[in-house]
Amino acid sequence: MNTEQSIVSKVWNFCNVLKDDGVGYGDYLEQLTYLIFLKMADEVSKPPYNRKINIPKGFGWASLQNKKGAALDEHYAKTLRELAKAPGILGQIFTKSQNKIQDPAKLSRVVNMVDKEEWAMMGADTKGAIYEGLLEKNAEDTKSGAGQYFTPRALIRAMVECVRPRPKKTLSDPACGTGGFFLAAYDYIVRNNQLDSAQKRFLKNKTFHGNEIVANTRRLALMNMFLHNIGEIDGDALISSADSLVSDQGRRFNYVLTNPPFGSKSSMTFTNDEGKSGKEDLTYNRQDFWATTSNKQLNFLQHIRTLLKPGGEAAVVLPDNVLFEGGAGETVRKELLKTTELHTILRLPTGIFYSQGVKANVLFFDNKPASKEPWTKEVWIYDYRTNIHHTLKAKPLRFDDLKDFVARYKPANRNARKQTWSEKNPEGRWRKYAYAEILERDKTNLDIIWLRDKSLADLDNLPDPEVLAGEIIEDMESGLESFKQVLHQLA
Amino acid sequence: MNTEKMMMKKDWVETRLETACEIHDNLRTPVNAKERSVRIKGKSKSELYPYYGATGQVGFIDDYLTDGEYVLVGEDGAPFYDFAKNTAYMISGKAWVNNHAHILCSHFSNKFLLHYLNQFDFHGYISGTTRLKLTQKSLRKIPTKIAPLPEQRAIVAKIERLFGELDNGIAHLKAAREKLETYRQSVLKTAFDGKLLSSEQLKACRRETDYQPAGDLLKKINPKAVSSESKTRADWVDVNYKEVVDKVSISNRKIKQKKYLPQGKYPVIDQGLSLIGGYTDNQEKLVKCELPVIVFGDHTKVVKFISFQFVSGADGTKILQPKKFISPKYIAYITRVLVSKIEDKGYARHYQHIEKQYFPLPPLPEQRAIVSAIESRFAACDKLSRYIDEALERSQAMRQSILKKAFDGELLSEAELRECRKQPDWEPAEKLLRRIRESKPPEPVNRKK
């Protein structure tokens with residue numbers, strides 16, 4: 001077994017030891033993040049790196065190494081608190097940090113495990129593989145809900161291969177979760193270009209920008225990127241904790257690749273000064289939007305469009321309701337078709353996200369300058385949903401499954417696209433629709449299916465009753481939430 | 001009631017419809033379907049225009065008479081008294097309207113007029129009983145509300161936002177209702193695979209007095225049956241369907257559909273979707289067998305569990321009697337699972353494929369426990385399904401409620417009203433109306449082309 005594999009298996013094995021102690025993957029990941037970061041900070045402050053890392057005195061790696069038992073426990077907790085106050089990425093990583101390993105003996109073992117390796121020297125691939133592996137395992141634990149921050153990597157890779165980001169350009173993910181899109185774009189740029197030193201520096205420090213409002217997830221994203229060589233240990237945090245939808249921050253980007261959160265919770269319950277609870281509508285007030293709505297995904301779509309430079313390109317994962325919802329949905333679709341070139345829609349199968357039964361799509365569109373004529377002339381649709389069956393464990397989505405889509409997309413020359421559908425071949429999955437055809441559709445809906453569903457009740461791929469029950473309850477709650485919203489407005 | 005709201009209504013004004021909008025009925029021309037199909041033959045999509053009738057588009061035609069945004073209200077054949085349905089709709093662009101709809105163009109906001117008409121109570125303005133008719137004469141008299149322009153815009157925007165939210169809710173509820181069916185299937189499959197009961201429930205089954213491993217049970221049910229150890233569980237066996245049911249003969253006892261009575265002494269059960277297909281008084285035809293039985297539709301694949309006396313329908317009705325020492329309901333549910341496992345043969349017979357299937361057989365107490373677990377979940381599904389149906393009905397009422405509030409002047413909040421008053425084009429509706437009256441030439445009389 002080579003070094004990389006042995007480290008990975010060491011880290012994994014310890015996962016299970018801690019799991020028996022009630023420390024879940026997520027918690028383990030969190031503590032590993034703090035410890036590896038501290039160790040790496042220690043390593044790069046020494047030769048041959050000799051970087052000036054401003055870890056507060058007395059709280060560096062050395063202070064953890066020589067302690068045991070209650071002393072270790074106490075010092076570790078203090079360290080976490082101190083570092084949270086630090087500036088830059090350091091503070092960001094340790095924000096709201098807490099020790100979740102109750103048994104000091106086990107904590108000691110993790111510290112030793114981290115201590116034995118030279119992390120700074122380790123290839124980004126190895127570190128990345130270990131970390132991403134843990135992120136994936138964490139996401140699989142559906143009860144934790146961590147899956148909502150993790151887009152399937154095969155899908156991310158396909159989206160990046162279609163958009164083909166180039167060096168010296170900027171990329172934003174306004175709902176970045178654990179940073180999967182950044183990593184994939186980084187890899188793509190490195191693999192497909194001979195970068196000079198200026199381009200390398202730009203890639204490392206100026207290319208990526210994201211938002212993630214959940215502190216723990218943001219921490220994982222920062223660490224994920226950092227292990228991948230994106231960003232500097234003592235540099236500015238590339239991921240903001242601000243809620244992207246609240247207002248236009250002013251920056252514009254060449255690319256937006258993102259998977260905004262699904263789910264439609266659009267209000268918060270709060271307790272006011274008198275101790276009474278009330279509901280506050282989270283309807284964002286954006287004058288630059290086309291339509292006011294409480295639909296989070298529609299708002300993200302409108303926001304993403306504002307993030308793009310003219311000529312900027314976006315690929316966004318969005319649920320079905322964005323394609324067919326009336327009212328604000330219709331307005332947004334009409335405007336999107338006019339003001340951008342919405343050239344491609346990929347219809348995704350169910351069973352690939354950690355939220356079972358989600359029906360989602362990828363929308364690809366290019367931002368364009370103001371014009372009298374609508375920019376979209378035709379929309380190309382790839383149906384990778386009808387009669388496609390994936391499950392997370394037995395038949396997960398692989399990049400190979402999307403290779404045909406990427407080939408048909410023709411990233412290098414979209415004008416050379418050819419339909420696979422025709423009157424003679426009605427089962428073809430790649431088909432184009434003219435702008436006029438789409439305008440005629442009820443509510444300009446883009447929920448277009450032409451393939452016959454052969455498996456209305458596919459017995460082998462039926463989700464478990466509990467999973468379905470969960471989805472049904474979610475649907476009911478969303479439905480009732482909408483009705484409540486309406487009643488609230490009428491009162 | 002607060003003073004703000006009373007003031008708002010003071011800025012509104014009510015007038016006859018003919019003052020609030022232009023009537024362009026002179027632009028209508030009917031063309032019958034036959035002539036239209038001749039006219040559109042061979043023409044490309046870009047040469048065709050929508051042809052509109054009382055409640056919406058009814059076809060295409062190769063020319064246009066209107067080009068612009070109009071509000072159309074049905075003249076006859078529209079659902080004037082049905083509050084759940086719209087009587088007005090909008091058109092835009094090049095179009096052709098026939099003489100079953102009035103063409104209106106508001107002097108103010110078309111959308112405001114549209115929504116107003118869709119909540120208006122037309123009683124007193126409609127003539128006719130079987131075919132309801134709204135003549136132009138009556139149309140002109142309809143009392144129409146006008147609000148200051150910014151309010152009209154704000155109200156329209158709010159109505160559409162709320163309708164959007166409502167539609168969203170309806171879509172979710174409908175999705176939930178569809179999933180319930182998939183959920184039922186999943187429950188049955190889980191039961192079939194022996195995964196429905198918890199370990200506590202299994203332990204309880206094993207403690208029951210009539211517990212014995214399925215292999216032994218099968219010998220009691222059918223000594224001649226061949227079985228094999230089941231992979232599902234150690235005390236289950238895999239058995240062939242036909243070893244555990246008997247076909248009940250119904251030759252000479254069937255009743256053909258044309259002989260069904262709408263009411264009678266005995267129900268007739270056939271392979272149709274409804275539980276009871278019809279009735280008969282013919283006692284001779286009662287099926288002779290011990291109840292309960294399973295009625296299987298050979299062509300339709302429907303599975304019914306019957307525990308009352310009945311007469312069999314004719315074509316495709318198969319009566320199956322579960323053998324003794326087996327839970328009849330368990331077999332009924334197993335039959336449903338097997339139905340989803342076999343290939344759909346359209347209108348051919350399916351039972352021959354069902355009886356070849358194997359299924360795993362649990363011990364008797366487990367069968368009962370599984371049936372109970374299935375039925376409690378199905379009962380919950382039924383309850384939820386009814387709840388959803390009710391909620392969907394109420395959403396209809398909500399739509400009407402939104403419109404009513406809008407035109408009672410109660411939809412906008414204080415803050416929203418203040419915003420309206422800040423707009424540069426705000427003025428009391430009375431002023432708006434006066435200006436229109438002063439500038440308008442006399443209304444042209446409706447001239448048919």
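Helices here are DSSP runs of H or I with at least four residues, numbered from the N terminus. The model is predicted.

Q: In which helix of chain A does Lys106(A) lie?
A: Helices are numbered from the N terminus. The run that covers residues 104-116 of chain A contains Lys106(A). That helix is α6(A).

Q: Is Lys106(A) buried or exposed?
A: A residue counts as buried under 20% relative accessible area and as exposed over 50%. Lys106(A) has a relative accessible area of 16%. Leaving aside neighbours within four places in sequence, Lys106(A) is in contact with Phe14(A), Val17(A), Leu18(A), Asp21(A) and Ile101(A). By its accessible area, Lys106(A) is therefore buried.

Q: Why is helix α2 of chain A described as largely enclosed by the rest of the structure?
A: Helix α2(A) covers residues 25-44. From its first C-alpha to its last it reaches 28 Å, close to the 28 Å expected at 1.5 Å a residue. It is called largely enclosed because, of its 20 residues, the number buried is 18.

Q: Which strands of chain A are the edge strands of the open sheet?
A: The sheet has nine strands with mixed pairing, in the order β3-β2-β1-β4-β7-β9-β8-β10-β11. An edge strand here pairs on one side only. The strands that do so are β3 (239-240) and β11 (430-434) of chain A.

Q: Which helix of chain A packs on the sheet and touches β8, β9 and β10?
A: The helix in question covers residues 328-339 of chain A. Its direction makes about 120° with that of β8(A). The helix is α14(A).

Q: Which residue is the bridge partner of Thr344(A) in β9(A)?
A: Strands β8 (residues 340-347) and β9 (residues 360-367) of chain A run antiparallel and are joined by seven bridges. Thr344(A) has its partner in β9(A). That partner is Phe364(A).

Q: Is the crossing of α17(A) past α6(B) left-handed or right-handed?
A: Helix α17 (residues 465-490) of chain A packs with α6(B) at an angle of about 160°, their axes 8 Å apart. That makes α17(A) roughly antiparallel to α6(B). The crossing is left-handed.

Methods:
Residues are numbered from 1 along each chain as its sequence is written. Chains are lettered from A and ligands numbered from 1 in the order in which they are written. This is a predicted model: local features need pLDDT of at least 70, side-chain atom pairs count only at pLDDT 80 or more; totals for chains, interfaces and linings use all residues. Side-chain values use heavy atoms; hydrogens and water are left out. Two strands pair if DSSP finds at least two bridges between them. Helices (H or I, at least four residues) and strands (E, at least two) are DSSP runs, numbered from the N terminus. Contact means heavy atoms within 4.5 Å. Axes are lines fitted to C-alpha atoms, for helices over the stretch in contact, and angles run from 0 to 180 degrees between N-to-C directions. The expected span of a helix is 1.5 Å times one less than its number of residues. Buried means under 20% relative accessible area, exposed over 50%, partly exposed in between (1.4 Å probe, protein chains only). Angles under 35 degrees count as roughly parallel, over 145 as roughly antiparallel, 65 to 115 as roughly perpendicular and the rest as oblique. A crossing is left-handed if the near helix is turned anticlockwise from the far one by less than a right angle, and right-handed if clockwise.
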